[in-house]
Amino acid sequence: MVESNQLGAEWGAAVSGAGDLNADGFDDMLVGAPAYDTTQPDVGMVFAFYGSASGPARSPGWQAESYQMGSRFGFSVNGAGDFNHDGYADIVIGASHFTNDHQFEGGAFVFLGGPSGLSTRPAKQAFGEKADASFAYSVAGAGDVNGDRYSDLIVGSPDYRSGDIIVGRVFAYHGREISFPTEFFVRIPVMLRSGP
């Protein structure tokens, strides 16, 4: 058992298998804590636990946070398959209240696996296009839906509006070779408590 060190962090609000992020033959796991506070409240944080012959590690091998107050990074987490077709599994993380061009539109962020595990910055990001859309309320790998050998993604936006009516919308994103954009996220040390 592993638990958060922070009251009210909503540790484990989202959990998922991640696939084999570092291609060591063992699958890995993701845990989201969307109400995790750093220097600002409800920034949110996601932790990856790497697998081994003895099971998952008791301490995270990777963690990432949003830089934005109230963005609830880690509201959703999931494996993304091999989004850039390099032989390593990748992940997608949702921040349901992220503000980009529109207030609380939501954002989805892809982090790539590699020989040392996950990258420290997102390789791709997408946003909800409308205020309060709850974009990335849910995220998932979709497999290779167009047969181009790259894994694809689907992102749910249940509060997306058409005019004044909430209709919801689902977005699909095709995998591709990646060039990294501006760094949005940083790794920080986090103390966790483990038990039997």
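Student: Where is the place of Ala123?

Tutor: Ala123 sits in the loop between β8 and β9; strands here are DSSP runs of E, at least two residues long, numbered from the N terminus. This is a predicted model, where local features need pLDDT of at least 70, side-chain atom pairs count only at pLDDT 80 or more, and totals for chains, interfaces and linings use all residues. Residues are numbered from 1 along each chain as its sequence is written, and side-chain values use heavy atoms, with hydrogens and water left out.

Student: Is Ala123 buried or exposed?

Tutor: Buried means under 20% relative accessible area, exposed over 50%, and partly exposed in between, using a 1.4 Å probe and protein chains only. Ala123 has a relative accessible area of 2%, so the residue is buried. In the chain of 196 residues, 47% are buried.

Student: How do β8 and β9 pair?

Tutor: Strands of a sheet pair through backbone hydrogen bonds, either parallel or antiparallel. Two strands count as paired if DSSP finds at least two bridges between them. Here, β8 (residues 107–111) and β9 pair in the antiparallel sense over four bridges. Gly107 stands opposite Phe127 in β9.

Student: Which order do the four strands of the open sheet have?

Tutor: The order is β6-β7-β8-β9, with antiparallel pairing. At the edges are β6 (73–81) and β9 (124–127), each pairing on one side only.
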